Amino acid sequence: MERYDPQAIEVKWQSFWEKEGYFRVTEDRTKKKYYLLEMFPYPSGKIHMGHVRNYAIGDVVARYKRMRGFNVLHPMGWDAFGMPAENAAIENNTHAAKWTYENIDYMRAQLQRMGFSYDWDRELATCRPEYYRWEQLVFLKMFKKGLAYKKKTYVNWCELCQTVLANEQVVDGCCWRHLDQDVVLKEMDSWFLKITDYAKELLEYCDRLPGWPEKVLTMQRNWIGESHGAIIRFPIVDSDHVIEVFTTRQDTVFGATFLCFAPEHPLVKELTKGSDKAKEVEQFVERTLKIDTFMRTADFTVKEGVFTGRYCLNPMTREEMPIYVANFVLYEYGTGAIMAVPTHDQRDFEFAKKYGLSLKIVIRPADKDLTEEGMIEAYVDEGILVNSGPFNGMPNMEALERIADYLESKGMGYKTVNFRLKDWGISRQRYWGAPIPIIYCPKCGVVPVPEDQLPVLLPLALDLKEGGRSPLPYEASFYETECPRCSGPARRETDTMDTFVESSWYFERFVSPRYENGPFDKQKIAYWMPVDQYIGGIEHAIMHLLYSRFYTRVLRDMGYLKIDEPFTNLLTQGMVCKETFKCAEHDYLYPEEVKEQRCIHCGKQIKIGGSVKMSKSTKNVVDPQRLIDRYGADTVRMFCLFASPPERDLEWSDEGVEGAWRFLNRVWRLLIENRERLSDVKPYDGRVALSSNLRDVHWKTHQTIKKVTEDIEDRFHFNTAISAIMELFNEINQFLNNSKEISGVAWSVLKEAVEPMVILLHPVVPHITEELWEILGHGKSLTTVSWPTYRKEALEKESRLVVIQVNGKVRSRIEVPVSLAEKEIQDQALRDKRVQRFIGDKEIKRVIVVQRKLVNVVV
RNA sequence: GCGAGAGUGGCGGAACUGGCAGACGCACUGGACUUAGGAUCCAGCCCGCAUUGUCGGAUAGGGGUUCGAGUCCCCUCUCUCGCACCA
């Protein structure tokens, strides 16, 4: 008998599909389009299990939709700019570009070996000028519309490296390359994209994305963080300055007794300049800024601050309020300053207690009395206004509105909506990224590179400087240029763009990846966009998806496309996890470093850790390549899909892979052993009456088609779809094993079961099914075969099992005809011997009958 | 810390709308076949039992709603993801 030889079969069909060009698509108006996209990978070296899982999920959907008659766009490309290339260049003494392109070649071959049905003609890499030139163009257009602007910001800086550090390069407040070197915050001029202009729309459209998981939408809503409130102006004593604060509690303004600045606030320096407080304040600011923001502002962190020596006036009471700098105030949120109402805000209360600042109650609860002296925490609930001049006696919810109106009428402030969302900082002081197309001219200032001079090429003949510094600011041939306006000597921007910019529009470039007259061909974009189904890791739930939604709107407002949202449906898949091995001496160990629960280096007993996301740092990775070599791509695909539903984390199990392998072998054997008989008959057509065994096979066949179709179509639960196919297989197999002689009718029923089984399996394990389909005597490739449909008549059964409970506990089961009336079922249930035993002589209080399912007798 | 999720046998998971808890697979145990088995086939497999019963208990822990809760509500615990320069 022919053995199942996945290596031979898989390569055979991969080259067949490629030769026939089955997955290359063009705009075909006779078919419904379906744009399926998985998040493109960063070319880090070789594919990992996370990729395999993500793309296996996508490939099932792509192949399924094709079989349902859709014109499926399924592209793949590379998110090719980024920091790991720079790190690898330093470590391996190579060039970021060389490293990246080699990785791409290797990983492309791996993806092809997995049999994913991509249209490879559309492949793109974001590090190619043909790609990033359009990003530069869009940047220029954004600059001209005021959507790209520069402002000061703070970055992590290592004095030894003389470079900016990414958050992940900061370890416990120190540089990752110099663990004894404190990271300092350095002020820097950076480019920002004005995503806040779209905050309102991005928020509102969260309600119009029914195809997205609710948890992702909730996270996005919270991230955007809309809050309604007011800006209130506090004039500074002995100064022309007015401090604006944002508050959602303008109802408490009469109780504001001091004011706090965020440490970064520029007015802090100005107000203390030359005063005796200057030094103390500066030291506090410096100390505070070293602590990262979320530790600094955590609830449990002690509220700290320093008095600036200056005062401002409460615009309502005209009383003087001391001005502080406080650790819990965020510069990035609101105006970077707050009015402190210690009686009605817990943080303000703690701060006031610590520094002996005055308290003034302005809201009184209905049910109890409050006194300033007796307060042990802030009163933050609703109540009636007191000590608030004309607003006394007003419920605070009403006062919110009325006080805002009053402030507005007196010019002391205005109602406003504030968002937590900040503008998107895109400047990176890095080499391996897309250059920002701006020129600085001593005479003309900030000048955009003329569009006809694009792209600003990233010079490839450069190496990273000491400490990983970008060579761009040191490379005269790059930065020296002439001003496009005055032709005088000028300097290029040497910052590159955040790689999130590339991934914010690649899905739009895929519709016309070689188009040379603009970022995309409008006709094609009109046909393909939006993406019907986007699939990727849950870790991108906020930033990547929000940036993409923003960027798509920017392109819309520039007239490039007419859609609002890029992704109609979203599937967020969980991580691939595995247990870890840890040795007391040698830290994390690879599985091959463990022998009989001991470390092979020192012989110490190892500790088996809980299952966490596969990663190099915890050494719990499984290399997909090894599995492909051993079992073939089909087995790997099957395991990834079978082990858990996509949105949950996947628990890695080598034994589970073995199980998938065995199942494919069983399917293979069943067909090979019966190939002659199966190819000789026609599938059962429903005309001849069947014996009960055969009727079960027939029923199971149609039941399985229904179940698998619904599992894939409605909820992407491939694990249960595969289970259902396994059940059908078991049914067929058992029939074959239990029958001494198999009639012609039986063979036809078996064929009616086996063929859909092969087709249903095809999206999951495309190679083996193609081979089996051929063995069954079919000429055409399975990729062109339609998805099977089930016959309703085949699913009808004449009787039904009804569960009988007494007081909610199952006590008996009866078979009843489907047509039996509710009353009849109830009677039959009550007559049941076992039920009677449990009822005994107790009184029947109530009987609940659920049609065709259950009877509950309450006694 | 804040925001969002998740928790079911030895393990991965199933139970989709509140209606038989544990489908399917793995591991394990016993048997068959075999020169051999890490191949294959058959059977068993949540826990408990001084009543082996279509008995009792059991879906992280505690409480509630309901004729009925893994599923809905409240509290607690644990784990995971995101937190704006990793992608």
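Two strands pair if DSSP finds at least two bridges between them. Helices (H or I, at least four residues) and strands (E, at least two) are DSSP runs, numbered from the N terminus. This is a predicted model: local features need pLDDT of at least 70, side-chain atom pairs count only at pLDDT 80 or more, and totals for chains, interfaces and linings use all residues. Residues are numbered from 1 along each chain as its sequence is written, chains are lettered from A and ligands numbered from 1 in the order in which they are written, and side-chain values use heavy atoms, with hydrogens and water left out.

**View 1. Domains of chain A.**
Bounds come from an automatic or database domain assignment. Domain 1 covers 30-126 + 195-225 + 503-573, and domain 2 covers 138-194 + 424-499. Domain 3 spans 226-419 and domain 4 spans 576-632. Domain 5 (654-795) and domain 6 (799-858) complete the assignment. The C-alpha centres of domain 5 and domain 6 are 37 Å apart.

**View 2. The protein surface near RNA strand B.**
A residue is near the strand if one of its heavy atoms lies within 4 Å of it. RNA strand B is surrounded by 71 residues. The closest are D79, A643, M726, R813 and N856. Helix α23 (residues 718-738) contributes the most to this surface, with seven residues. By class, the surface has 28 nonpolar, 18 polar and 25 charged residues. Here Ala, Val, Leu, Ile, Met, Phe, Trp, Tyr, Cys and Pro count as nonpolar, Asp, Glu, Lys and Arg as charged, and the others, Gly among them, as polar.

Sugar or phosphate supplies 69% of the RNA strand B atoms within 4 Å of the protein; bases supply the rest. A polar contact is a pair of N or O atoms within 3.5 Å. Within protein, one atom must be able to donate a hydrogen and the other to accept it, and residues adjacent in sequence count only if both atoms are side-chain atoms. At M83, a backbone N or O atom is 3.4 Å from a phosphate oxygen of the RNA. At N719, a polar side-chain atom is 2.9 Å from a phosphate oxygen. At N856, a side-chain N or O atom lies 2.4 Å from a base oxygen.

**View 3. The sheet β11-β12-β10-β13.**
This open sheet of four strands has mixed pairing. Its edge strands are β11 and β13 (337-340), each pairing on one side only. Neighbouring strands are turned by 25° against each other on average, direction ignored; the axes are lines fitted to C-alpha atoms, for helices over the stretch in contact, and angles run from 0 to 180 degrees between N-to-C directions. Six bridges join β11 (residues 305-313) to β12, antiparallel. G305 has A326 as its bridge partner in β12. Six residues lie between the strands of this hairpin, where R318 takes a positive phi near 60°. Three bridges join β10 (residues 258-261) to β12, in parallel, with C260 opposite Y324. Four antiparallel bridges join β10 to β13, where F261 partners A337.

Six of the seven residues of β12 (residues 320-326) are buried, so the strand is largely enclosed by the rest of the structure. Buried means under 20% relative accessible area, exposed over 50%, and partly exposed in between (1.4 Å probe, protein chains only).

**View 4. The sheet β33-β32-β35-β34.**
Pairing is mixed in this open sheet of four strands. β33 (809-817) and β34 (846-850) are the edges; each has a single partner strand, so one side of each lacks a neighbour in the sheet. The twist averages 20° from one strand to the next. Five bridges join β34 to β35 (residues 854-858), antiparallel. I848 stands opposite N856 in β35.
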